[in-house]
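Please keep the viewer open as you read.

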Amino acid sequence: MAYFDFIDQVNYEGAQSTNPFAFKFYDKDRVILGKPMHEHLHFAMAWWHNLCAAGTDMFGRDTADKSFQAMPSTMEHARAKVDAGFEFMQKLGIEYFCFHDVDLVPEAEDIHETNKRLDEITDYILKKMQETGIQCLWGTANLFSNPRYMNGAGSTNDANVFCFAAAQVKKALDLTVKLGGTGYVFWGGREGYETLLNTDVKFEQENIARLMHLAVDYGRKIGFTGDFFIEPKPKEPMKHQYDFDAATAIGFLRQYGLDRDFKLNIEANHATLAGHTFQHELRISAVNNMLGSIDANQGDLLLGWDTDEFPYDVYETTMCMYEVLKAGGLANGGFNFDAKNRRPSNTYADMFKGFILGMDTFALGLINAAKIIEDGRIDNFISEKYSSFHSGIGKRILDGDVTLEELSEYALDKKKIDCIMSGNQEALQSIVNSILFG
Ligand code: XUL
Ligand code: CO
């Protein structure tokens, strides 16, 4: 059965096109810096937003119909979501998907039954993957929705809950391997606290690391050769979350000896919630060899929560793609649209329009970032800015060839510094504008 009869295939028609169901900028075979766009941009569909979320918020019920003509909370519905999802991805040319365990099937009271349902649905998904060539980017276990995780999953106070989290992680790893996923994500939504009056932070962090070590050991044992990812987020649902931002997560991974197996999955909206730019989080990850994957969305800077919008800010995606290109791409990662339609955008057509917006915005980002790199003025300026370290005393500092006393003597001899190079910020911003709009 087809769910999206109103559209045959979304094609590239160019910037002048007024067809709402065409790409204006995403031209999948267009070569940018030696590679076709679709190879730079491994776009993924997030099962949870696209096939499950129907607009419920704290103040109101669903506005969209995601039943796909099946009775919700049945296996029939789970299969209908698979059919709808694959039709959707094929029509958009999306080559990957990401999933939580409980996005795929209704969770049963008994975990045996849930696992049985997961086996059944992933057999069906695998068949669809073979038919279409669509692949799994990453899998994860939802360790935040079930009430048992009210005090955390890895960070829980209750050893039984820790075991249930382990069981879900084990199963989600089994499924990720079965579906050939190249990533496995930990997003620690409940791994945090509201008040220190009831929390042993050291204990909780150590236990999160224990769970991650157990996952790595098991994953490697069953042949998972991809990357584990932490997805940092500072808050929401918890007031304080342990994986606050990239720097915090990197410190944690190193502290607990997890840095060889883990990289980061950076989400744009989580970056801005942490008080950083998206680009900052990508750069901090990249310079630490930890840039793994991206949750492609956008927040609203006037709101203090995770709005998960489809990205439309071209400046942001330009700077994102600049970081990705500079880092040499995302090896085992991709661009997962962890994004949802606004609540009143409640039709099937809107689902397509959201992805068209997001894919075009990233395509523009890629085109612009390549232009910035080819133009060279930004890179040249940065190299020039630090040129005092290329020779003389600067080079000796880098070579580790000096003592503090020698540097002090050098400064005392010199008496004063005549001029320091300008940071040139406004000129650089103007260069970026002329590259983008010139
Ligand atoms: C929550 C979030 C999650 C993760 C996967 O803010 O981003 O959807 O991406 O658990
Ligand atoms: Co996310």
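The chain is divided into domain 1 (30-375) and domain 2 (388-437), with bounds that come from an automatic or database domain assignment. Taken over C-alpha atoms, the centres of the two domains are 41 Å apart. Domain 1 brings 7 residues to the contact and domain 2 brings 5 residues, where contact means heavy atoms within 4.5 Å.

A word on the ground rules: this is a predicted model, in which local features need pLDDT of at least 70 and side-chain atom pairs count only at pLDDT 80 or more, while totals for chains, interfaces and linings use all residues. Residues are numbered from 1 along each chain as its sequence is written, chains are lettered from A and ligands numbered from 1 in the order in which they are written, and side-chain values use heavy atoms, with hydrogens and water left out.

## The cobalt site

Which residues hold the cobalt ion (ligand 2) as protein donors? They are E231 (OE), E267 (OE), D295 (OD) and D338 (OD), at 1.9 to 2.1 Å from the ion. Donors are N, O and S atoms within 2.8 Å of the metal (3.2 Å for Na, K and Ca); water is not among the atoms, so sites may look incomplete. Along the chain, the donors of the cobalt ion are spaced as E-x35-E-x27-D-x42-D. E231 sits in the loop between strand 10 (227-230) and strand 11 (240-241), and D338 in the loop between strand 14 (335-337) and helix 12 (348-375), so this pair ties together parts that are 107 residues apart in sequence. Helices (H or I, at least four residues) and strands (E, at least two) are DSSP runs, numbered from the N terminus.

The arrangement is octahedral because the 6 donor atoms around the cobalt ion subtend angles of 80 to 171 degrees. For that label, six donors need opposite donors over 155 degrees apart and all others between 65 and 115. Ideal angles for six octahedral donors are 90 or 180 degrees. Both E231 and D338 are buried, meaning under 20% relative accessible area, with exposed over 50% and partly exposed in between (1.4 Å probe, protein chains only).

A cis peptide bond joins E236 and P237, with omega about 15 degrees. E236 is not a glycine, yet its phi is positive, at about 75 degrees; its relative accessible area of 29% makes it partly exposed.

L33, in the loop between strand 3 (31-32) and strand 4 (35-36), has a positive phi as well, near 45 degrees. With a relative accessible area of 40%, L33 is partly exposed. For context, most residues other than glycine have a negative phi, and most peptide bonds are trans.

## Cysteines

How many disulfides does the structure hold? It holds 0, taking a disulfide as a pair of cysteine sulfur atoms within 2.5 Å. For C136, the nearest cysteine sulfur is that of C98, 6.7 Å away. C136 is buried at a relative accessible area of 2%, whereas C419 is exposed at 66%.

L258 lies in the loop between helix 8 (246-255) and strand 12 (262-267) and is buried, with a relative accessible area of 1%. Not counting residues up to four places away in sequence, L258 touches A209, M212, H213, V216, F252 and L253. L258 and I230 are 28 residues apart in sequence and 10 Å apart in space, C-alpha to C-alpha.

T114 belongs to helix 5 (residues 111-132) and counts as buried at 8% relative accessibility. With residues up to four places away in sequence set aside, T114 touches V105, E107 and A108. N433, in helix 16 (residues 425-437), counts as partly exposed at 39% relative accessibility. Leaving aside neighbours within four places in sequence, N433 is in contact with Y315 and G438. The C-alpha atoms of N433 and Y315 are separated by 9.4 Å, although the two residues are 118 residues apart along the chain.

Conventions:
Four donors count as tetrahedral if all angles lie between 85 and 135 degrees; four count as square planar and six as octahedral if opposite donors are over 155 degrees apart and all others between 65 and 115; anything else is irregular.
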